[in-house]
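This report describes a two-chain model in plain terms. The sequence and structure come first, and the description follows.

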Amino acid sequence: MQPKGLGQRYSNPYVIGVLLGLVLLFSFYTMGRGLGSSSTFARITAAGVELMAPDHVQQHPYLSKYLQTERPILMEWLVFLTLGAGLGGLFSAFIANRIQGEVTRGPHIAPYPRLWLALGGGILSGFAARLARGCTSGQALTGASELAVGSWVFMFSIFAGAYLTAYFFRKEWS
Amino acid sequence: MGPLYKLGWFDFGYSLQMALLIGFLFGFVLERAGFGNARKLVAIFYLRDFAVLKVMFTAIVVCMMGLLYFSVLGWIHMGGVYILPTYIWPQIVGGLILGVGFVMGGYCPTTSVVATVSGKLDGLIFLIGMMLGSFIFAELFPVLEGFYRAGAMGPVRLQDVLGINSGMIALLVAVMAVVIYWLVEKVEQHFGDPETLPRGSRPIKRTAAAVLIALGLILAIINPDTQPGMTKASLSQFEKQEEEVQKAAPKEMGSESTTFRIVEDEGC
């Protein structure tokens, strides 16, 4: 899985799970809300549309809800959280000597097809996260810790969707 | 007593700095686990490496226990915590599509951020795809709106639908976690590469499993739902306290400067 010779070995997943749970608990304790990131990209989209066509956002049946506050669209908690996640990931990758420009893929697929699939996967994920009101972190992780019903159902649906279609993408990864 | 922000411990500007700090820790631990690497992430769907499930489930169990114990001890008031509302049909369909996106693209939203900063071009392309996907959803929203609101159940929690107290649920989740860990480790040993799988000592794992189940058992016995601070009366009392804090807060930056408005679709 991990290319030999590059960077350090990854940490034990159970230890990471405990740490992630404590970070999430800290977020609930201080802010009364959990983690998340997908809506950051919806907000960036909304901000981009606003830049090009301000009226379009104001009258938009969906995007206009990001204008409910008087603040700019991007002056929001989750946007800063995602920014922080980027910095934290960068720091961790740097100290573990894991920063390397590459296209992650299995041995039997060329870079270009892999990038098209990454784009397709991104489009599906962006769409799905808006439909379900959150992604793996904002909906599944955060909601399941609070024992929210929909979040548990959502989490099992993610695994179902991925396992049911994994066969069709096997050449991408192995 | 938390959540601190809801009780006026700090203002909106400070909350954004808090977001940077929490996000930093979030991104840091994800990268530590190897979640900036699509091959490590999708290995779960080919039964080779269940790190995704182990990290996610452990985090959920730890945070769930933490929230319940904090409420019992009176350190946090769940009345001040945003409970995600359930919309059952869009969540099922959204989950299925997100799952397909995960195995096709190799990431979920946050892990693609971590991948991008560690130099993966496919992570960056995935991010761009997410923005396109959000845009497509927004443009199709008039058509999707009915389905988007289908199966609305409000902020319901498992204890509301299953009819057992949250302590029992904590115990069930703890037992389920231990069984799942045991099961996936068996599967991993069969399909995975022993070179890259995490090493771990059996006594430590057994002790951790016992502690987890003991913590669940204690919650099941004391029944957190009957504790002061978890009852309906005390929830509304908290809301009053919260309102007073909001009223007393300085207003010079506009009426919303000290409050969140969580837009329903943000997940948390």
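Where is the place of A:Lys65 in chain A? A:Lys65 is in the loop between helix H3 (54–59) and helix H4 (77–95) of chain A. It counts as partly exposed, because 14 C-beta neighbours lie inside 10 Å. A:Lys65 and A:Ala46 are 19 residues apart in sequence, and their C-alpha atoms are 9.9 Å apart in space.

The model is predicted. It scores ipTM 0.94 and pTM 0.91. In chain B the average pLDDT is 88, and 88% of the residues score at least 70.

**Chain A**

Chain A has eight helices and zero strands, in the pattern α-α-α-α-α-α-α-α along the sequence. Its C-alpha atoms fill a box of roughly 50 × 40 × 35 Å along the principal axes. Of the 174 residues in chain A, 57% are buried. Among contacts in chain A with a separation of 6 or more, 56% are between residues 24 or more positions apart.

Chain A is divided into domain 1 (1–99) and domain 2 (105–174). The C-alpha centres of domain 1 of chain A and domain 2 of chain A are 17 Å apart. Nine residues from domain 1 of chain A and 10 residues from domain 2 of chain A take part in the contact. On the side of domain 1 of chain A that touches domain 2 of chain A, helix H2 (residues 38–52) of chain A gives the most, with four residues. That side of domain 1 of chain A has four nonpolar, five polar and no charged residues.

Helix H5 (residues 111–131) of chain A has 21 residues and should span 30 Å at 1.5 Å a residue; its end C-alpha atoms are 30 Å apart, so the two values agree. H5(A) is mostly covered, with 15 of its 21 residues buried. Just after H5(A), A:Arg133 takes a positive phi of about 65°.

Most residues other than glycine have a negative phi. A:Asn97 and A:Leu147 are two further residues of chain A with a positive value. A:Asn97 is found in the loop between H4 and H5 of chain A, and A:Leu147 in the loop between helix H6 (136–145) and helix H7 (149–165) of chain A. Are these two residues buried or exposed? A:Asn97 counts as exposed, because it has 10 C-beta neighbours inside 10 Å. A:Leu147 is buried, because 23 other C-beta atoms lie within 10 Å.

| Residue | Phi |
|---|---|
| A:Asn97 | near 60° |
| A:Arg133 | about 65° |
| A:Leu147 | about 70° |

**Chain B**

Chain B contains 10 helices and two strands. From the N terminus on, its elements run α-α-α-β-α-α-α-β-α-α-α-α. Of its 268 residues, 49% count as buried. Among contacts in chain B between residues at least 6 apart in sequence, 76% join residues at least 24 apart.

What span does H6(B) have between its end C-alpha atoms? H6(B) spans only 33 Å, whereas a straight helix of 28 residues would span 40 Å at 1.5 Å a residue. H6(B) also bends by about 85° at B:Pro142.

**The interface**

How many residues of chain B are in contact with chain A? The contact joins 127 residues of chain B with 120 residues of chain A. Helix H6 (residues 121–148) of chain B supplies the largest share of the side of chain B that touches chain A, 19 residues. By class, the residues on that side of chain B divide into 81 nonpolar, 30 polar and 16 charged.

Terms used. Residues numbered from 1 in each chain as written. Chains lettered and ligands numbered in written order. Predicted model: local features only at pLDDT ≥ 70, side-chain atom pairs only at ≥ 80, totals over all residues. pLDDT = per-residue confidence, 0-100. Contact = placed C-beta atoms within 7 Å. Nonpolar A, V, L, I, M, F, W, Y, C, P; charged D, E, K, R; others polar. Expected span 1.5 Å × (residues − 1). Buried ≥ 20, exposed ≤ 12 C-beta atoms within 10 Å, placed from the backbone. Bend = angle between axes of the 7 residues up to and from the residue. Domains from an automatic or database assignment.
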